[in-house]
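Work through the exercises below with the model on screen. Try each task before you read its solution.

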Amino acid sequence: MALRNILKDEDPLLRKVCRPVTDFNERLWQLLDDMAETMYAANGVGLAGPQVGILRRLFVMDVGDGLIEAINPEIVSKKGKQDGPEGCLSFPGKWGNVQRPKRVKLKAQDRNGKWFFITGEDLLARCICHENDHLDGVVFLDHVDELLNDEEV
Ligand code: ZN
């Protein structure tokens, strides 16, 4: 495994729409392993393909309940609302309030191409929405009216 470089701030790759993953092979597994290692090393709860310069539809996340790998993910339902502070490994030191659904259901493929569903609430729902946005070139700052100071987080 190896750490990948996390793209930051105005990097144009963070604004691209990603293409689906088509090959479920060792190269994909290596990428997923590297992304998880990079996320944990940076103390993040999620990391999406474009953040490491890979314009493919995949992300990894761990909100404290174990690693989830989502390939070709699609949010199939959203319920309720939550407001809370959000940040991103690609925008270090920046925080803002973002309204997200309280609960989402995600459909995705695992590293072998098998489809699965997960339902996320609260932080997991927030994380799923945040990471899924990255695959369409959308970053959390697009949803933020006003940045928070460190003391307000
Ligand atoms: Zn992010």
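**Exercise 1.** Decide whether Cys88 is buried or exposed.

*Solution.* Start with the cut-offs: buried means under 20% relative accessible area, exposed over 50%, and partly exposed in between (1.4 Å probe, protein chains only). Cys88 has 10% relative accessibility, so Cys88 counts as buried. Now take His134: its relative accessible area is 1%, so His134 is buried too.

This is a predicted model: local features need pLDDT of at least 70, side-chain atom pairs count only at pLDDT 80 or more, and totals for chains, interfaces and linings use all residues. Residues are numbered from 1 along each chain as its sequence is written, and side-chain values use heavy atoms, leaving out hydrogens and water.

**Exercise 2.** Find which residues coordinate the zinc ion.

*Solution.* Look for donors (N, O and S atoms within 2.8 Å of the metal, 3.2 Å for Na, K and Ca; water is not among the atoms, so sites may look incomplete). Cys88 (SG), His130 (NE2) and His134 (NE2) coordinate the zinc ion at 2.0 to 2.2 Å. Next, read their spacing along the chain: C-x41-H-x3-H. Cys88 sits in the loop between strand S4 (82-86) and strand S5 (95-100), while His134 is in helix H2, 46 residues apart. Helices (H or I, at least four residues) and strands (E, at least two) are DSSP runs, numbered from the N terminus.

**Exercise 3.** State in which order the five strands form the open sheet.

*Solution.* Strands pair if DSSP finds at least two bridges between them. The order is S1-S2-S3-S6-S7, with antiparallel pairing. Strand S1 (46-48) and strand S7 (115-121) are the edges, each pairing on one side only.
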